[in-house]
Amino acid sequence: LPSFCTQPSDIAVSFAVIAKPLGSLLSNQKDQRLSVMSALRHLVTYARDNNRTQDVAELARFAKNYLPILFNLYTTPVKGSDEEGIRLATLETIKVYLSVAPNELCSEMFDRALVKLDTLAKNENFVRESVLDLLRSLAVYQDMDKVKDLYTRTVARLKETTDHKEQKKYYRMLEDLCSSETKGCKQFLNEYLLEIRDLLLESLSTSAPSSKGPRLRCLLLLLDHARTFNQELITAVIPEAVLCCRDINARCRQSAYDLLHKMADKMAEDGWLEAYVKMVMGGLAGTPQLASATLLALASITHHTRESIPEDIVGMILNNVCLLCCSASREIVGSTLSYLKVFITSLATDVVTPSVPIIVKAIISMTDDCKRHFRNKTRDILARLVRWYGADSVMSLLPESETVMRARVRNMRKIQDRKKRQWQQLRDAKKANSDEDDDQFSVKSKPKSIDEILATLDDSDMEMDEMVEDRQKAKAKRKNNKVWIREDAEDIVDFTDISTTRKITATKPDQRDGIGIRQVEVKKKKESAFKQAPDGRMIIKDDSDSDDEPRSRKHSHVPGLSDSEDEEDLDEARSTVSSVVVGRKRKLSMSTTASSVQPPSKYQAGGVGIHRPIKKTKPGTKASSVVTGATYKAKKAQGDVKRKGQPDPYAYVPLRKDTLNRRKKMKAAGQFKNILKGAKKGARIG
């Protein structure tokens, strides 16, 4: 439907055919309301913007049918975010349709809304706020008398109400009255300009924080409509505008900057710019919050008046800012660095150059805590100075005691040289590939706004915070190990018992002999791609050999194990390794509880290096299934000897993951070197 109603040519002829069905859909079909309202906005906007008189008249003829339906939809309480979205679309449709509605209908609906507002109970806050939104949309289409009546009600309610939402609605209504270009609103503003100014100045102490934005925009509109220079108004407005420079609302901050710029332009026209800057600088002696906001305000004023501000005023501001760099408050130091970034970015090079020693000295004078906390901001400032004036010039301004900062400047020089080489190589490659001169297509970059300059500093801090947060998450993830609870099959673990902590283990216990296991975390352990022998060696199966072997055989032969006991020992090794309890403390706690009974383990530890049994078999008894390196040891000489019917003796280094560590490369190489050295020595001896 919205696409069907985009730029139609037969509104005057065909709209009457679909007007009634559209009204029925608005009233009865909740799921079709967004499409219908979008179609109405398309029709009204196209007819109004293209001066299609007949189409506008046809749409205005049905305003008496659509507007009451839309008003009822907007004043009805909603449930859920979907209905709230429909309600906001309804208000937007009302504003668009009122632009083509007859004046008589707007006046009649305005009177009905005022009557509805007077008859509402105190607890009907939702309906009251909805009616205020409708009055705000209708007020700009009224004559001066009705606007004056609404203003009188607004002033009375602003002095009485304590509801922040309602107060904000009245301020936004006042903002629309001051910004409207209709005849009635212009007459009202010319007559009541001084009263509105007095109202805004008197209500400063009682205004809610959420009303700061509409108040600042009202003051900005008053300055635009002021016929003469009013220093009293500017003096009274400066504190509120400065404090809003640190507001959390981006629109409120932008309104504060716009108001400061407008006052600077007004004062500069009459030659009072220096007096204006001094009035703003008075906040530097206040609390840390006020001083920080004042520094941001000075940065905004400097950026806005960068082409016309005198150098003596700039020097006065810079000296005061540099004095605050040695403050112990992070809030103040952060704002001073923001001003320095704006200073070296916005002003001309001939203005910045004499101030470079002062800027570097201010950065050096920062406390150790602020240097560490704002290292990214100082990096950005130093990098720009190095790029413009060279690393040698900046290095000469740093004392020998500033070893960290001197090292950073040296690194910046390397980075800058590398970028220059890369840029030169890129230019040479372009010249070699193209005969045309690319310089004619180069465009000078657009100057950044104050928000973009300050955002670059905030982004670097956010990146560092994200890196620290990711590092902490990775560290916590590494610590997130599995935990098991040992319990008997016939008894339930009593978590109120103090001895229950002895049944918690980080290694998976054996599940035999009726002992049950409850795993606290269900995260499955990643299995290794290779199997392990009991002595710790990895079993890597050769694909070429597996094709010739029968499918029933599951494991390849392991050197040192007999064929008949190969599979049995592997299964035993897997069950044994999982039942080992790690740590002396845990062994002690397991032995002290009677309920933590475990089956006897078949694991036998002994020897050094590879674990092997240390008990010698007696003559005549069955030999152990594990063949160790001791069988190759010579009885009357050093080294190993060959045994009949057995493989040749060998030496190896265990395959561990840490051997791939580049930092331990020399250590691993040394181990292989010693093995080769011993092998060569044995070969020479024979």
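## Basis

Residues are numbered from 1 along each chain as its sequence is written, and side-chain values use heavy atoms, with hydrogens and water left out. Because the model is predicted, local features need pLDDT of at least 70 and side-chain atom pairs count only at pLDDT 80 or more, while totals for chains, interfaces and linings use all residues.

## Packing of α22 and α24

Helix α22 covers residues 375–389 and helix α24 covers residues 403–433; helices are DSSP runs of H or I, at least four residues, numbered from the N terminus. The two pack at an angle of about 55°, with their axes 10 Å apart. Axes are lines fitted to C-alpha atoms over the stretch in contact, and angles run from 0 to 180 degrees between N-to-C directions. The pair is therefore oblique, the class left after under 35 degrees (roughly parallel), over 145 (roughly antiparallel) and 65 to 115 (roughly perpendicular). The crossing of α22 past α24 is right-handed, that is, the near helix is turned clockwise from the far one by less than a right angle.

On α22 the contact (heavy atoms within 4.5 Å) uses R375, T378, R379, L382, A383, V386 and R387, and on α24 it uses M405, R408, V409, M412 and Q416. By class, 6 of these residues are nonpolar, 2 polar and 4 charged. Ala, Val, Leu, Ile, Met, Phe, Trp, Tyr, Cys and Pro count as nonpolar, Asp, Glu, Lys and Arg as charged, and the others, Gly among them, as polar.

## Salt bridges

The whole structure has 26 salt bridges, each a side-chain nitrogen of Lys or Arg within 4 Å of a carboxyl oxygen of Asp or Glu. D118, D149 and R153 are linked in a network of such bridges.

R215 pairs with E240, the closest N and O atoms being 3.0 Å apart. R215 lies in helix α12 (residues 212–225) and E240 in helix α13 (residues 231–243), so the bridge ties together parts 25 residues apart in sequence. R215 is buried at 1% relative accessible area, and E240 is buried at 10%; buried means under 20%, exposed over 50% and partly exposed in between, with a 1.4 Å probe and protein chains only.

## Two further pairs

E331 and R246 also form a salt bridge, with closest N and O atoms 3.0 Å apart. E331 is in helix α18 (residues 330–346) and R246 in the loop between α13 and α14 (250–269), so parts 85 residues apart in sequence are tied together. E331 is partly exposed at 25%, and R246 is partly exposed at 40%.

In the bridge between R197 and D198, the closest N and O atoms are 3.2 Å apart. R197 counts as buried at 18% relative accessibility, whereas D198 counts as partly exposed at 32%.
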